[in-house]
Amino acid sequence: ILAQAILAQVCLSSAFVALDSIEIERFTSGAMLRLSVLTFWVASSWASLDDAPIEGSLVVDDDCTHSDTCALNALQLKRCPFNFQHDVKETMLNMSAEIDSLNDKLVVLVAKALRTSFKDDFSRLVGATSRAAAVLEIVAPRFITLTNKTSASLQDAGIDAFGGKAEEEQTSLLRMQRFLVDHAGEVLKNIAAARSNDGDTGFATKVNTAAQEAGHWIQGVLKVAWSTATDQLPRINALVKNEIVNTSDMVTEAACAADTATSIASLTTLYAQIVQAATDCDVRNKTLFSIADCESSALSVQTGISLVIKEGARMMHTCYGRDWSCAESMASASHDLLQAYNSLVVLGDSCKSSDPIALAVCESEAFQLSSNLGVAAGYIWKSADVCASSCNLAKPQ
């Protein structure tokens, strides 16, 4: 009876109608059944849209109790499964303010430590870094995960106009972005557990497997990248021979060549970091295996990936004129958050020492940490400003 009632209601409307909830109240005394349809959402405005696949642009809402069902319903109803303004923009702004506040306190502690050579001031810094680590272990993974809810995760619908290599570059960047989102949080979680003497060698096995898989497809990415480098030769020759008369064109061509070279260099470095992580996290090597080395290598890989995404997104703009500002901003913030966490790990060890060299490292890393936190806060704020929702069907241009 219920199914027939619903079917009848649906058939009455030519628009797309979504039934959010149905309340059934049965009164046994009067043998009466009352069917109350509480809410209908009429989506006639969607009728003009073509049926392009949107599975790749809609993501699971982290706040859903049953995430798979939530995402499926959102897909069927062609609506966004999260509130972008509240869940993403406002969350980012709060994160930015939290990181700024954390950095302000750190700057004060560093200033106090530098006023005197007494070791006690540096040991106080250790306590501050522990509190900072606790904040970053929450903020960094959550921010990186928000990438899936922004336009950074979407394909650029117009990139195909620039040829197959541009499309391959996009595919590589989006794949690395997913790898970062999938693994960064777990890396930070395990390093945090290790600080509490609760490290997990099972984590090393996962890193080893993931690194080997990543190494295989990074090889293909490198081949594409280096073939792209050869495409820059005519551009560089034209620049060197002053064949480009227009100043604006000259700047654009030079920027494209420079950003391509920078991106390829970072990608090559990343490949080396992945190979190193696979080695450091090989638990079968009883002689050389160290969980600390494994965690350090795993963090380096995540940091390297965020840098490649950042520089690749910039290259997509300078070489093809495409708007990848959201991807660049998200990756930049992620990179500095991960760099900051790495500085915290170094600080936690070096600032406890009485050795002058170790204390010099402590001082240097304290400044590096403050710099990374400040830059990260700025890029998080910028991300809230430039990013659109992943519920759009393509990157906004």
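Is E328 buried or exposed, at 18% relative accessibility? E328 counts as buried, where buried means under 20% relative accessible area, exposed means over 50%, and partly exposed is in between, using a 1.4 Å probe and protein chains only. Hold on to that one; we'll come back to it.

Okay, some ground rules. This is a predicted model, where local features need pLDDT of at least 70 and side-chain atom pairs count only at pLDDT 80 or more, while totals for chains, interfaces and linings use all residues. Residues are numbered from 1 along each chain as its sequence is written, and side-chain values use heavy atoms, with hydrogens and water left out.

So, the overview. We have 10 helices and two strands, taken as DSSP runs numbered from the N terminus, with helices being H or I of at least four residues and strands E of at least two. Going along the sequence, the order is α-β-β-α-α-α-α-α-α-α-α-α. There are 397 residues in the chain, and 43% of them count as buried. Take the contacts, meaning heavy atoms within 4.5 Å, between residues at least 6 apart in sequence: 75% of those join residues at least 24 apart.

Now the inside. The largest nonpolar core has 90 residues; a core here is a set of buried Ala, Val, Leu, Ile, Met, Phe, Trp, Tyr and Cys residues joined through side-chain atoms within 4.5 Å. F143, M176, L267, L270 and Y341 have the most contacts inside that core. Among the elements giving two or more residues to the core are α3 (84-114), α7 (247-280) and α10 (356-386). In soluble globular proteins, nonpolar side chains tend to be buried together.

Let me zoom in on α8. Of its 30 residues, 22 are buried, so α8 is largely enclosed by the rest of the structure. S306 sits in this helix, residues 291-320, and S306 is buried with a relative accessible area of 0%. Leaving out residues up to four places away in sequence, S306 touches L180, A331, S334, H335 and L338.

Next, the charges. The count is four salt bridges, each one a side-chain nitrogen of Lys or Arg within 4 Å of a carboxyl oxygen of Asp or Glu. Here's E328 again: it forms a salt bridge with R314, the closest N and O atoms being 3.0 Å apart. E328 lies in helix α9 and R314 in helix α8, so this pair ties together parts 14 residues apart in sequence. R314 is partly exposed, at 30% relative accessibility.

Another salt bridge joins R322 and D156, with the closest N and O atoms 2.9 Å apart. R322 is in the loop between α8 and α9 and D156 in the loop between α4 and α5, so the pair ties together parts that are 166 residues apart in sequence. R322 is buried at 16%, and D156 counts as buried at 3% relative accessibility.

Last stop, helix α6. A210 lies in α6 and is buried, with a relative accessible area of 11%. A210 and A277 are 67 residues apart in sequence, yet 9.5 Å apart in space, C-alpha to C-alpha. V240 is in α6 too, which covers residues 201-240, but V240 is exposed, at 62%. That's all from me!
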